[in-house]
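Here is a short tour to read with the model open beside you.

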Amino acid sequence: MELRFVTPELRRLDEVASEVRACGVFADERPHHGAAGLVDWRLSGTVSRLVGQGFVTGRRGEVVMLPLKPKLPFDKALLFGLGPHDAFDDAVFRDVTTHMLRAIEGLCARTAVVELPGRHRAAIDAARATDILLELAGGRPEHDVWTLIEPSDDQKRITARMNEQRRRDRLVVLGS
């Protein structure tokens with residue numbers, strides 16, 4: 001899996017070609033923030049209406065697919081329930097990220113723009129989130145490119161972390 005980055009701004013997100021946009025929604029966050037809030041804004045409040053109707057709840061394990069074209073350059077958005085904000089931890093991150101990987105694989109999407117679970121609220125550290133993502137994704141060939149939605153400062157931290165991990169991996173291979 002190749003990781004790229006985009007800042008969490010509509011203009012920047014619109015410039016990234018991808019098949020799917022994936023993001024999380026907390027059960028107790030209204031209005032939604034992060035990528036879900038941007039999707040809601042671009043779709044003229046569709047996500048908010050679905051929440052009001054009880055169709056989108058943000059419960060952990062929930063996944064809702066929304067068509068995005070022609071308002072956004074992606075075919076679809078996947079909204080993943082994160083549960084309540086105060087119950088979010090590494091285990092929830094791991095569970096929802098695994099769900100994201102499987103859902104995107106199930107759609108046969110090779111490219112995705114992804115806001116990692118809880119990252120829009122800094123509910124998990126960027127480096128920790130990346131470590132878990134790379135561990136879960138491993139060498140899965142089903143995912144070509146994930147473009148992570150991250151602020152510039154965190155993009156730098158994640159890149160440094162990935163470079164550090166690559167160096168460790170090379171040392172292990174050379175030492176074998």
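Is Ser 44 buried, partly exposed or exposed? Ser 44 is partly exposed, with a relative accessible area of 49%; here buried means under 20% relative accessible area, exposed over 50%, and partly exposed in between, using a 1.4 Å probe and protein chains only.

A word on the basis of all this: the model is predicted, so local features need pLDDT of at least 70 and side-chain atom pairs count only at pLDDT 80 or more, while totals for chains, interfaces and linings use all residues. Residues are numbered from 1 along each chain as its sequence is written, and side-chain values use heavy atoms, with hydrogens and water left out.

Most residues other than glycine have a negative phi, and most peptide bonds are trans. Against that background, two residues and one peptide bond deserve a look. Helices (H or I, at least four residues) and strands (E, at least two) are DSSP runs, numbered from the N terminus.

| Residue | Phi | Relative accessible area |
|---|---|---|
| Ser 44 | near 55 degrees | 49% |
| Cys 108 | about 60 degrees | 61% |

Ser 44 sits in the loop between H2 and H3. Cys 108 belongs to the loop between helix H4 (90-106) and E5, and Cys 108 is exposed. The peptide bond from Arg 30 to Pro 31 is cis, with omega near -10 degrees, and Pro 31 is in the loop between E2 and H2.

**His 32 and its surroundings**

His 32 is found in the loop between strand E2 (20-25) and helix H2 (34-42). His 32 is buried, with a relative accessible area of 7%. Its side chain reaches the backbone oxygen of Glu 29 at 3.4 Å. Leaving out residues up to four places away in sequence, His 32 touches Val 25, Phe 26, Gly 37, Val 47 and Val 51, where contact means heavy atoms within 4.5 Å.

Which strands pair with E2? E2 and strand E4 (residues 76-81) pair in the parallel sense over six bridges, and Val 25 has Gly 81 as its bridge partner in E4. Strand E5 (residues 111-114) also runs parallel to E2, joined by three bridges, with Val 20 opposite Ala 112. Two strands pair if DSSP finds at least two bridges between them.

In H2, the buried residues are Ala 35, Ala 36, Gly 37, Leu 38, Val 39 and Asp 40. They pack against helix H1 (10-14), E2, helix H3 (46-52), E4 and strand E6 (145-149).

**The largest pocket**

The largest pocket holds about 250 Å³ of space. On a 1 Å grid over the protein atoms alone, a pocket is an open set of points where a 1.4 Å probe fits, with protein on both sides within 12 Å along at least five of seven lines; lining residues have an atom within 4 Å of a point. Eleven residues line the largest pocket, and Met 1, Leu 134, Met 162, Gln 165 and Arg 166 lie nearest its centre. Helix H6 (152-175) is one of the elements that supply at least two lining residues, and H6 gives the most, with four.

Terms used. Points joined across faces, edges and corners; volume = space filled by probe spheres on them. Polar contact = N/O pair within 3.5 Å; in protein donor to acceptor, adjacent residues only side chain to side chain.
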